[in-house]
Protein chains: 4
Amino acid sequence: MNILFVGDVFGSAGRHIVREHLPHVMETNAVDLLVINGENSAGGFGITPSLAEEFFDMGAHVITTGNHIWDKREIFEYMTVPADSHVRGRRVLRPANYAVGTPGFGVYQGELPTGQSYAVLNLQGRVFMSSCDDPFRKADELLSKITAKVILLDFHGEATSEKVALGWYLDGRVTAVLGTHTHIPTADNRILHNGTAYQTDVGMSGPYDSVIGVEKELILAKFLTGMPGKFEAAKGNAKMCAALIECDGATGRATQIQRIMLGE
Amino acid sequence: MNILFVGDVFGSAGRHIVREHLPHVMETNAVDLLVINGENSAGGFGITPSLAEEFFDMGAHVITTGNHIWDKREIFEYMTVPADSHVRGRRVLRPANYAVGTPGFGVYQGELPTGQSYAVLNLQGRVFMSSCDDPFRKADELLSKITAKVILLDFHGEATSEKVALGWYLDGRVTAVLGTHTHIPTADNRILHNGTAYQTDVGMSGPYDSVIGVEKELILAKFLTGMPGKFEAAKGNAKMCAALIECDGATGRATQIQRIMLGE
Amino acid sequence: MNILFVGDVFGSAGRHIVREHLPHVMETNAVDLLVINGENSAGGFGITPSLAEEFFDMGAHVITTGNHIWDKREIFEYMTVPADSHVRGRRVLRPANYAVGTPGFGVYQGELPTGQSYAVLNLQGRVFMSSCDDPFRKADELLSKITAKVILLDFHGEATSEKVALGWYLDGRVTAVLGTHTHIPTADNRILHNGTAYQTDVGMSGPYDSVIGVEKELILAKFLTGMPGKFEAAKGNAKMCAALIECDGATGRATQIQRIMLGE
Amino acid sequence: MNILFVGDVFGSAGRHIVREHLPHVMETNAVDLLVINGENSAGGFGITPSLAEEFFDMGAHVITTGNHIWDKREIFEYMTVPADSHVRGRRVLRPANYAVGTPGFGVYQGELPTGQSYAVLNLQGRVFMSSCDDPFRKADELLSKITAKVILLDFHGEATSEKVALGWYLDGRVTAVLGTHTHIPTADNRILHNGTAYQTDVGMSGPYDSVIGVEKELILAKFLTGMPGKFEAAKGNAKMCAALIECDGATGRATQIQRIMLGE
Ligand SMILES: [Fe+2]
Ligand SMILES: [Fe+2]
Ligand SMILES: [Fe+2]
Ligand SMILES: [Fe+2]
Ligand SMILES: [Fe+2]
Ligand SMILES: [Fe+2]
Ligand SMILES: [Fe+2]
Ligand SMILES: [Fe+2]
């Protein structure tokens with residue numbers, strides 16, 4: 001079974017490059033399950049229902065997010081659906097370790113047309129990020145309720161130490177631990193000892209002639225002066241960054257993880 | 001002209017793997033200039049004069065460091081030499097944007113046996129790190145005094161945004177901006193628009209069956225309980241991570257940057 | 001009913017000044033319940049069983065702590081007692097929102113010789129501090145199980161916003177929300193709208209010719225150079241900082257909160 | 001000579017309470033020099049030229065600020081005046097350790113009608129705040145150029161350790177080191193060993209039935225959910241918090257520092 005996970009789609013440049021390359025990558029690699037991190041799809045900041053629809057129309061089974069999930073308020077209602085629903089809004093996840101009562105959900109279990117069960121989890125790190133619940137114990141709690149064998153986790157975090165640590169913590173218990181949020185792909189994709197595919201960060205799908213997606217002059221001005229300014233999504237040198245995981249559908253063990261970076 | 005930069009050497013596992021692969025890599029690639037980040041060489045925490053000597057004996061021209069530079073007090077005196085000296089202690093750098101009066105220096109300009117001039121800079125980021133002087137303006141200040149064309153910068157930082165931003169800021173003004181500190185290699189090595197080689201993080205040269213160098217059980221216990229504990233360097237699955245840069249010695253412009261990850 | 005809460009006792013200077021003034025303050029004010037924050041009593045860093053015994057011998061009913069609780073390992077075993085015990089080790093609290101499985105407890109309910117029930121809670125903030133569980137929801141959870149009406153909370157936190165917010169959140173549900181950790185007393189002691197006594201920080205009981213307890217030259221060197229150094233507890237100008245709360249034992253409502261600062 | 005320093009004026013409630021009490025306090029205490037921190041005067045976020053004019057009309061000689069200085073863009077131009085000017089815009093300060101090239105200035109030296117010289121400095125802390133230049137060394141640099149004996153410093157910072165440390169560092173070199181930013185007054189006002197008046201935080205002049213100025217329900221929602229929301233200035237229970245310093249105009253040594261908290 002083949003899973004494709006596409007890293008943080010950033011702005012229109014990100015959406016266009018994904019739209020351009022996705023069909024070919026899906027077909028060439030016989031992708032069964034497609035998960036996309038869409039937290040930056042709306043001009044770099046958040047996601048709207050119509051952008052979520054676009055990703056679902058492209059074939060996404062689940063959309064994961066992270067700290068930018070609440071940037072666009074339209075998404076709140078879209079994600080406010082019953083826990084046992086399978087509508088599209090139910091399949092836009094926010095980190096599961098956000099406070100109780102926050103709109104939406106951090107885990108989704110579904111079934112492919114083949115009858116293959118799968119689950120997608122979304123967690124956020126706590127090092128150098130806003131406070132949230134313990135991602136390690138939240139993972140334990142969620143996994144105790146999941147019956148699917150194939151389980152993909154998008155761990156949205158800043159610090160390499162926390163991401164690597166969660167990878168080892170879940171090794172053998174999930175199919176893949178894939179990091180997002182730093183917007184730079186790491187070259188440490190590997191299969192851990194007990195069969196979990198791991199990569200510290202899948203990287204942004206967006207404009208790389210930028211500072212992690214934003215027009216570089218704007219971010220440079222911020223670093224040089226500390227003064228506020230509007231951040232605008234860059235356009236140049238768009239790349240789609242993704243991880244392709246091959247796993248055994250019966251056991252959920254990963255057998256391969258491959259980095260993908262496709263561009264203009 | 002070929003430059004090899006070896007990322008954070010971590011503990012004895014890191015030193016051994018570097019010692020094992022370095023001669024071959026140097027020879028195969030006709031390396032002219034060798035720079036090694038040694039901030040974690042002493043059991044993961046700091047560097048001692050004897051470990052510095054080991055790196056110089058292996059052929060290092062300059063040793064860079066970062067936030068762990070003061071972990072071993074023996075290095076203070078070793079680095080306390082005149083600014084215009086060329087002894088080995090002068091070629092162990094600490095970030096140049098540390099406070100005035102701190103032992104040692106953050107920049108070194110030297111000459112290869114061929115007569116080729118070069119300079120090595122070491123700077124530290126400020127995002128998610130201890131306070132230090134502005135790395136952007138410190139870079140400007142240092143560059144205004146450097147006469148060499150071939151200039152390599154080790155930017156020791158946590159946040160991808162700050163590292164990418166400094167890369168663009170110095171594009172065309174230095175040969176390479178190479179990130180260190182996160183201990184995970186990134187897959188974004190490239191030549192920027194004006195000829196600067198860039199990589200957000202070169203990655204650790206050390207044991208990858210670990211959490212960024214440390215025994216994984218110890219770090220996991222820390223994440224799970226918040227309780228203190230001694231951190232010990234791991235041993236397993238050592239890799240040497242490095243960046244190989246090809247540049248024009250006359251102009252300092254980079255023509256290629258290649259990731260190297262060699263292991264057990 | 002009168003409650004005395006003594007702020008972070010720092011090193012031997014702090015212990016001595018408390019020992020000197022406590023008897024008189026207790027007697028003059030007819031104190032019924034005495035709670036002491038002892039996280040810095042062992043040379044500024046942690047607390048040992050013998051120092052805890054000293055506080056209990058002085059009349060403390062409960063000892064609260066904070067982020068320094070694990071600095072001295074001897075306290076681990078001392079605090080490892082059954083939840084329903086009333087021994088002294090059971091009455092040394094660590095923040096209740098630390099990870100499950102951490103030694104000790106974060107809440108204690110007891111009874112005074114008069115038959116008056118009381119409870120003491122200890123929580124830690126998350127802003128500018130290490131990650132821990134949500135103190136707001138942990139407070140809800142703990143309060144749902146407490147039967148005593150008189151409830152004192154030591155909220156060990158850095159950010160004024162978080163401390164003030166928790167004060168309002170618990171207004172009318174606890175007798176007092178008293179801040180600790182910053183080591184500087186605040187002048188905002190008041191009774192909130194629904195009868196909760198509040199003070200953002202009670203202040204350190206320790207040497208004020210210092211930087212929050214530590215020899216000022218050592219901390220200044222740290223700020224000026226960023227280099228490591230041993231921190232030693234200062235001695236000069238010791239003050240005992242405390243809050244005196246008057247409340248109705250039957251309802252737990254506070255009627256008065258008074259700042260106390262007594263010195264050499 | 002008498003100096004009055006008014007802490008962070010927050011929103012309209014803060015402006016009104018200051019306007020109400022200031023004339024009486026000025027007169028009763030024969031205030032010669034009036035300095036007001038106005039960083040939160042515009043609805044809690046920033047300051048506008050017209051609000052600055054209001055403060056000058058009330059008798060302010062200098063207005064200090066902090067991290068909120070750039071919240072209202074109108075102030076940029078107002079502060080863009082020649083360094084040797086004495087117009088009102090020149091007397092609105094931003095922290096002096098902001099990046100070179102930022103609008104405005106962080107120090108102002110003036111003369112009272114009596115001929116008495118004075119200087120006002122504004123610095124920002126680095127602990128738990130955005131990066132800026134070293135406030136300790138920036139203070140040294142500024143003081144080396146100031147000829148006035150009477151020197152008041154507004155140190156806008158979060159961490160008590162950094163504020164206390166700067167107090168000791170400048171003891172005997174300035175008339176007063178007065179902290180701002182936490183919006184809660186501290187009760188540690190004192191004259192340090194060499195004649196510098198010190199207080200860790202003067203406290204907000206604004207609505208205290210709030211969370212540091214903002215409507216408490218809005219901040220509580222933020223703490224409880226992590227979700228974004230508009231912050232609005234509260235109105236209730238406004239207090240003016242200030243520090244009154246008596247000093248020798250000839251030497252600049254402080255002889256007394258008194259806390260003032262006046263309310264509805
Ligand atoms: Fe993102
Ligand atoms: Fe993110
Ligand atoms: Fe390192
Ligand atoms: Fe480092
Ligand atoms: Fe403390
Ligand atoms: Fe503390
Ligand atoms: Fe403020
Ligand atoms: Fe502020």
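Predicted model: local features only at pLDDT ≥ 70, side-chain atom pairs only at ≥ 80, totals over all residues.
Student: Which residues coordinate the iron ion (ligand 6), and at what distances?

Tutor: The iron ion (ligand 6) is coordinated by E39(C) through OE, N67(C) through OD1, H156(C) through NE2 and H181(C) through ND1, at 2.1 to 2.3 Å. A donor must lie within 2.8 Å of the metal, so these atoms qualify.

Student: Why is the arrangement around the iron ion (ligand 6) called irregular?

Tutor: The four donor atoms subtend angles of 84 to 149 degrees.

Student: What makes H156(C) buried?

Tutor: Buried means under 20% relative accessible area. H156(C) has 0% relative accessibility and therefore counts as buried.

Student: Why is N67(C) called partly exposed?

Tutor: The term covers values between the limits of 20% and 50%. N67(C) has 29% relative accessibility, so it counts as partly exposed.

Student: What does E39(C) bridge?

Tutor: E39(C) bridges the iron ion (ligand 6) and the iron ion (ligand 5), which lie 3.4 Å apart.

Student: Which residues of helix 6 of chain B are buried, and how do you know that they line one face of the helix?

Tutor: The buried residues are K216(B), I219(B), L220(B) and L224(B). Seen down the axis of helix 6 of chain B, they fall within an arc of 135 degrees, so they line one face. These residues pack against helix 4 and helix 5 of chain A.

Definitions and conventions:
Residues numbered from 1 in each chain as written. Chains lettered and ligands numbered in written order. Heavy atoms only, no water. Buried < 20%, exposed > 50% of the residue type's maximum accessible area, 1.4 Å probe, protein only. Helix = DSSP H or I, 4+ residues; strand = E, 2+ residues; numbered from the N terminus. Arc of directions from axis to C-beta. Contact = heavy atoms within 4.5 Å. Donors = N, O, S within 2.8 Å, 3.2 Å for Na, K, Ca; no water. Tetrahedral: all angles 85-135°; square planar, octahedral: opposite > 155°, others 65-115°.
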